[in-house]
Amino acid sequence: MILDLSSGRRNIWHNKEAKGVVYLDIREGVKPDCVADSTQLPFADSQFSLIVFDPPHTTFGPNSQMAQRYGSFKAHEIRAIVSATASEAARVAICD
């Protein structure tokens with residue numbers, strides 16, 4: 001199983017309906033398989049063989065077009081999201 005932690009509009013996927021992938025996003029409007037915060041995953045430990053995460057990686061003003069699509073984050077918020085999500089990803093990953 002693959003977990004996409006920030007699936008959004010599935011822009012990284014050639015096949016946007018790939019089998020064996022759980023598409024997760026905090027925004028209901030993008031129609032993920034699972035609506036959840038990537039920093040508090042609703043999965044048991046050791047569930048996924050591969051985890052994909054395209055985090056927020058730049059800051060835009062709160063009135064920008066990018067902010068309307070993806071939200072507006074300050075640099076310290078981005079660092080906190082990435083750090084907490086990495087901890088959760090490690091927890092739900094199958095590590096042999």
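In this predicted model, strand E1 (residues 2–4) and strand E2 (residues 21–25) run parallel and are joined by three bridges. Within this pairing, leucine 3 has valine 22 of E2 as its bridge partner, and aspartate 4 is partnered by tyrosine 23. E2 is also joined to E3, again in parallel, by two bridges; here leucine 24 stands opposite cysteine 34 of E3. The sheet as a whole is open and has four strands, in the order E3-E2-E1-E4, with parallel pairing. Its edges are strand E3 (34–35) and strand E4 (50–52), each of which pairs on one side only. In general, the strands of a sheet pair through backbone hydrogen bonds, in either a parallel or an antiparallel manner.

Strand E2 is mostly covered, with five of its five residues buried. Val21, Tyr23 and Asp25 point one way from the strand, whereas Val22 and Leu24 point the other way; all are buried.

Two aromatic pairs are found in a search of the whole structure. In one of them, the ring centres of tryptophan 13 and tyrosine 23 are 5.8 Å apart and the ring planes lie at 85°, so the pair is edge-to-face. Because tryptophan 13 belongs to the loop between E1 and E2 and tyrosine 23 to strand E2, this pair ties together parts that are ten residues apart in sequence. Tryptophan 13 and tyrosine 23 are both buried. The other pair consists of phenylalanine 43 and phenylalanine 48, whose ring centres are 5.1 Å apart and whose planes are at 75°, so this pair is edge-to-face as well. Both phenylalanine 43 and phenylalanine 48 are buried. The ring of tyrosine 23 has a further neighbour: arginine 10 lies over its face, at 3.6 Å from the ring centre.

Helix H2 comprises 18 residues (residues 75–92). At 1.5 Å a residue, H2 should span 26 Å, and its end C-alpha atoms are 26 Å apart, which agrees with that expectation. The buried residues of H2 are Ile78, Ile81, Thr85, Glu88, Ala89 and Val92. These residues cover an arc of only 105° around the axis, and therefore lie on the same side of H2. An α-helix has 3.6 residues a turn, so residues three or four places apart point the same way. The cover over the buried residues of H2 includes strands E1 and E4.

Conventions. Residues are numbered from 1 along each chain as its sequence is written. This is a predicted model: local features need pLDDT of at least 70, side-chain atom pairs count only at pLDDT 80 or more; totals for chains, interfaces and linings use all residues. Side-chain values use heavy atoms; hydrogens and water are left out. Two strands pair if DSSP finds at least two bridges between them. Rings of Phe, Tyr and Trp (its six-membered ring) pair if their centres lie within 6.5 Å; planes under 30 degrees apart count as stacked, over 60 as edge-to-face and the rest as tilted. Buried means under 20% relative accessible area, exposed over 50%, partly exposed in between (1.4 Å probe, protein chains only). A charge sits over a ring if NZ of Lys or CZ of Arg is within 6 Å of the ring centre and within 35 degrees of the ring normal. The expected span of a helix is 1.5 Å times one less than its number of residues. The arc is that of the directions from the helix axis to the C-beta atoms. Contact means heavy atoms within 4.5 Å.
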